[in-house]
Amino acid sequence: MSNTDTDTGVSRPDEDERTAERLSSAPAESDGPAGIGAFGWLRWTWRQLTSMRVALILLFLLSLAAVPGSLIPQNGQNAFKVQAWKAAHTTVAPVYQKLQLFDVYSSVWFSAIYILLFVSLAGCIVPRTWQFVGVLRAHPPAAPRNLTRMPVYAAWRTDADARTVNAAAHRLLRRRRFRANLADGSVASEKGYLREVGNLLFHLSLFALLAGFAWASLASGQGGKLVIEGQGYSNTMTQLDDFKGTAFYGSEDLDSFGFKLDNFTSRFQTSGDQVGSAREFTAHIRYWKGSDDSKLTKGDIEVNHPLEIGDSKVFLIGHGYAPVVTVKNAKGEVVYSGPTAFLPQDANLTSTGVIKVSDYGFSEKDDKKVKMAFQGFFLPTAPANFDMSTGPRSLFPGDADPLLVLNAYVGPAGDSGLPENVYQLDSRGMTQLTQDGQIAKVKLKPGQGWTLPDNYGTVTFDGYKQWASFNVSHRPGNAIALTGAVCAILGLIGSLFVQRRRVWVRAVALPDGTTLVELAGLARSESAKIAEELAELAVDLQDDAPALDEPDPDEPALDEPERDEPGTDAAEAEAGPAPDATPDPAVPADPHSKE
Amino acid sequence: MHLASAVDPSLADLSNKLIYSAMAVYLFGMFAYMFEWTFGSKGAVAVRSSEQSSLAETVAAAAAGKPAKAAKKVTVTVAAAGGGTTTLTRTALAGEGATVVTSGRGEGEEADGPGAAGGSEKADLAGRIAISLTVLGALLHAGGVIARGLSVTRWPWGNMYEFSCAFALTMVLAFLALLAAKKQARWLGLPVMVAGLLTLGVATTVLYTDSEQLVPALHSYWLAIHVSTAIICGGAFYAAFITTALYLGKDSYDKRIAAGLTTGPLRTSASVWQRLPAASTLDKLSYRINALVFPLWTFTIIAGAIWAEAAWGKYWEWDPKETWSFITWVAYACYLHARATAGWKGRKAAYLALAAFACWLFNYYGVNIFVTGKHSYAGV
């Protein structure tokens, strides 16, 4: 599962030269089970699973499996949308439900793919890490007997002593930060270990990312809270509107803090084709930590700037309006007074809500204990005129011309015992007030009042406040995931941009008293500049081993019996590395390369 | 309630005019590149590039001027993929430390084509005019992007229109940078112009929005980091896509020639393919661009996740944009792995690269237009 390969490690000087030629150690992929019986099959399955081919297929499957989640609504993101989608597609919805297409990213099949992928990754990366440790502890693989077989090769003859040349080459390679080893009349060296380090780091950091994900999904929790300007909130279960905990983070683990929302600033685009677009949302708050709510600190919460308290973060996620209404009963007693949050229905913040007056008292008409409720619309910018049948629609999200539209319900007092949604009216058992045979309805501007029909008292629209909704979130594991992510990038840079290569130098005394200096290089990468590097090394080495004049300056010394002439048929047959070695010889350095 | 202001309408208007002017200039540039390709068809012979011959001349001059003994000369034999060999000679003049590299080619190596102009002077002139027009267009284009940013004093990539303009600009600038670095990249001129014009055309017609302030969700310094790197990645992926597509074309052409046919794929003229760089060069180039950009793309996704954590409270929520960024990432990862695996090199890997780019393209246009997610700003 990587784009470089490690070699199998230990190399003794007299070992098969194949070891030296192998920069690759990807396990040989067998076509069938190696042994007989269950163990053989198991081993074969494991080999298959940890092979590059299967890892690639799994990776491809993972991206394919992620697609449906982006096209079908997901419960994790918007459960409401899922309901709407199910209602609209009644025939396929049950099938989709069975296939877990509404929870793709936590589905059995998606999990199976990434778990298999990570198992495959572990089965590949862990042994390779050990191999790599072995490589680091051993000497670079000794020079192959026949250096001409290497992808890049240079040679010349010199007067200098063979030993001196080898020692000079050893020094030179060391100076150029190769790991070099001088033994048996040749120098073996290798450089670019950071490529494999980066490669291993990248793949290991994926596990860190996964661990961060897992930790977050096991030990995080979040709750939502809507706060009206002037009101406060303390972080306890009873005050939260909703709470979603996990195995290791329940309602009793909530951090102890609280805050008061002093006021809320919203700003909108007033002209152009983006009219009504939000430009600023800021919640101005004062918060406290622990149980002492007397020491308040001022703070702002904006969309990209959550408030961090302890291990929790408070995010601003929504806002709206809360009309302030005073209801008096027939006797003139105030039975309800205060702001009520209305929920936005569209981008221009046409808001709906219900004002529930549960302590109305006794009805004038029949002296029975009743409750009242007002259902209505709040329009921050109301049109001059609107038809009640099409429904009121706000023109702009800012409060340029606010209007409250109300109608009233009356019913017998008492609680049904069932939990009630504060934003919705359960009108069962209640009757809507009428006036002159029509449903009683009123449009109120701030400061205006309404005398209810049938002597039910009065309602005044005193004004309005803004509210903000917050998400209180506790998510551990972010640091682990971030560390993993940073390591992944560093690893990627190492594994993609560092070239790993081997260089061998061998100086041999020839019968005629001169010395033959041979240099060969091997690299396995897409943009190997090994030829140029070898040329530079050779030029530097000529300080210690000056070249003798050759009959043909373009051809290196050619009188070695076992060497083949480059460019001839023999070289063509043998120029490439052995078939089981690196599958591709180093690409030639190319002056056109766009590096 | 406060009213949003701080938009300079004259600068915003100037920006629009500059973008339209840039498009007009690019259009003429595109025609000039077409002339270059058309005129160049007569002189098309696969020869050693001018770069190579000039290097050879330099070496010859250096060798002629100095006594032979003062020079250290090394010839490196390189085994080529086809089984042949190439040599690379490095000459160092003693005492001066200067080294000159020259490379000769053996029979095993395919030669790069001479470029769009072939050997024709008329075509070369057309090509030079085309490059001048590209530079002029890029200046106007850059002016447009900068004016757009100045008109609202923020980074000019707050919506798809602005993103597209910036993204087309990076593409053109990357091409000009290659030319400035004396790389043989003039053959990229025509595809870059077509891609740039397409991007700008879609931007001005479908995606246009007036220059305005940003929605609160974009009030973050991560806009400068996350979106800038996304723009750079987009430009680079586009360039790699063009190169990959040309590689596939050139590779089929080579196969057709080997099979005794005389035209390129889809009966295209052989002279066009002859003038392009060798298939292996194109293949290598597209790999390099993709490999270079992949860590940056990884960074873009991670920067986006950090921003998401600050804005929405969770760094990864499988929002459609996140999902498709992930799919794109996995697709490019597949491609990079495939390149390292025997049996998947060449055409198969190239198809993977094309698929990965298709994912990127869908992530950019498709997700914003057809899928609703959290990455919708200013209408789209």
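I started with Phe357(B), which counts as buried at 3% relative accessibility (buried is under 20% relative accessible area, exposed over 50%, partly exposed in between, with a 1.4 Å probe and protein chains only). This is a predicted model, where local features need pLDDT of at least 70, side-chain atom pairs count only at pLDDT 80 or more, and totals for chains, interfaces and linings use all residues. Residues are numbered from 1 along each chain as its sequence is written, and side-chain values use heavy atoms, leaving out hydrogens and water.

I found Phe357(B) in helix α10 (residues 347-370) of chain B; helices are DSSP runs of H or I with at least four residues, strands are E runs of at least two, and both are numbered from the N terminus. Leaving aside residues up to four places away in sequence, Phe357(B) touches Phe237(B), Tyr238(B), Phe241(B) and Tyr332(B) (contact means heavy atoms within 4.5 Å). I also noted that its C-alpha atom is 8.7 Å from that of Ala240(B), 117 residues apart along the chain.

Next I turned to Leu201(A), in helix α8 (residues 194-219) of chain A. Leu201(A) is partly exposed, with a relative accessible area of 32%.

I then checked the length of α8(A): its 26 residues should span 38 Å, and its end C-alpha atoms are 36 Å apart, which agrees. The expected span is 1.5 Å times one less than the number of residues.

Last, I looked at what surrounds this helix. Its buried residues, including Leu200(A), Phe202(A) and Leu206(A), pack against α6 (108-137), β4 (221-228), β22 (458-474) and α9 of chain A together with α9 (320-340) of chain B.

Key: Chains lettered and ligands numbered in written order.
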